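Subject: Structure for your review

Dear colleague,

Please find below the structure that I am handing over to you.

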Amino acid sequence: MSVSASMWSPMRQRAFRGLWAAGAVFFLGNAMHTMAVSWLMVQITHSSFLAALVQTATFLPMFLLSLPAGVLADTADRRVLLIGSLGLYALCAAVLAVLVAFGLAGPNTLLLFSFLMGACAAMLTPPWNSAVGDTIARTELPQAITMISMAYNGARAVGPALAGLVFAAVGS
């Protein structure tokens with residue numbers, strides 16, 4: 001097996017390592033956010049329906065915005081789109097954290113911010129996926145996709161558990 005066929009070969013590229021690490025952190029934070037908001041929704045409302053609606057609010061923007069975001073990723077500066085989407089996502093997370101800390105976040109607020117953060121995630125996904133392909137040789141794309149899938153699925157497994165630990169230790 002040649003070095004380029006190694007599953008780890010994309011990690012030799014600094015740009016890919018950076019995108020992979022940033023993606024892994026984002027995936028983890030996003031999974032933690034979704035779990036924490038769902039848990040907080042149950043705590044506030046005692047409604048399993050509203051807790052499930054958090055998932056809808058988080059992922060509906062991906063359904064609604066995937067095509068426009070893909071077009072924008074092909075026509076606009078990807079770096080600006082990525083940084084803008086991540087910056088707006090972080091701002092929404094910070095505002096939501098402050099609102100929760102001061103007891104000002106009700107069910108509508110949780111759903112609104114989940115939707116806004118989902119929209120940011122939907123807008124950053126196409127340029128991020130394209131940027132990954134730009135950082136490695138085409139022959140290493142299968143390995144890169146495997147590495148990204150490992151980060152995503154690892155975050156889906158670890159994120160909710162980590163959010164539960166933080167939520168139990170610190171509270172909402």
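In what follows, a helix is a DSSP run of H or I with at least four residues, and helices are numbered from the N terminus. A residue is said to line a pocket when one of its atoms is within 4 Å of a point of that pocket. Please note that this is a predicted model.

**Overall architecture**

The chain has 5 helices and 0 strands, and along the sequence its pattern reads α-α-α-α-α. Its C-alpha atoms fill a box of roughly 55 × 35 × 25 Å along the principal axes. Of the 172 residues in the chain, 38% are buried.

**The largest pocket**

The largest pocket has a volume of about 800 Å³. It is lined by 33 residues, and those closest to its centre are Phe 26, Phe 27, Leu 124, Thr 125 and Trp 128. Which helices contribute to this lining? At least two residues each are supplied by α1 (14-45), α2 (48-75), α3 (78-101), α4 (107-135) and α5 (141-170). Sorted by class, the lining of the largest pocket contains 21 nonpolar, 8 polar and 4 charged residues.

**The second largest pocket**

The second largest pocket holds about 430 Å³ of space. There are 19 residues in its lining, and His 33, Ala 36, Val 37, Ala 97 and Ser 172 lie nearest its centre. Two or more lining residues come from each of α1, α3, α4 and α5. Which helix gives the largest share of the lining of the second largest pocket? That helix is α1, with 6 residues. By class, the lining of the second largest pocket is made up of 15 nonpolar and 4 polar residues, with no charged residues.

Leu 60, Phe 63, Leu 64, Leu 112, Phe 115 and Leu 116 together make a nonpolar surface patch of about 560 Å². Helices α2 and α4 each provide at least two residues of this patch. One member of the patch, Leu 112, lies in helix α4. Is Leu 112 buried, partly exposed or exposed? Its relative accessibility is 46%, and the partly exposed class runs between the buried limit of under 20% and the exposed limit of over 50%. Leu 112 therefore counts as partly exposed.

Yours sincerely,

A colleague

How values were computed. Residues numbered from 1 in each chain as written. Predicted model: local features only at pLDDT ≥ 70, side-chain atom pairs only at ≥ 80, totals over all residues. Heavy atoms only, no water. 1 Å grid on protein atoms, 1.4 Å probe; cavity = no way out; pocket = protein on both sides within 12 Å on 5 of 7 lines; lining within 4 Å. Points joined across faces, edges and corners; volume = space filled by probe spheres on them. Nonpolar A, V, L, I, M, F, W, Y, C, P; charged D, E, K, R; others polar. Patch = residues over 30% accessible without salt bridge, like charges linked within 9 Å, V, L, I, M, F, W, Y side chains within 5 Å. Areas by Shrake-Rupley, 256 points an atom, 1.4 Å probe, with all protein chains shown as cover. Salt bridge = Lys/Arg side-chain N within 4 Å of Asp/Glu carboxyl O. Buried < 20%, exposed > 50% of the residue type's maximum accessible area, 1.4 Å probe, protein only.
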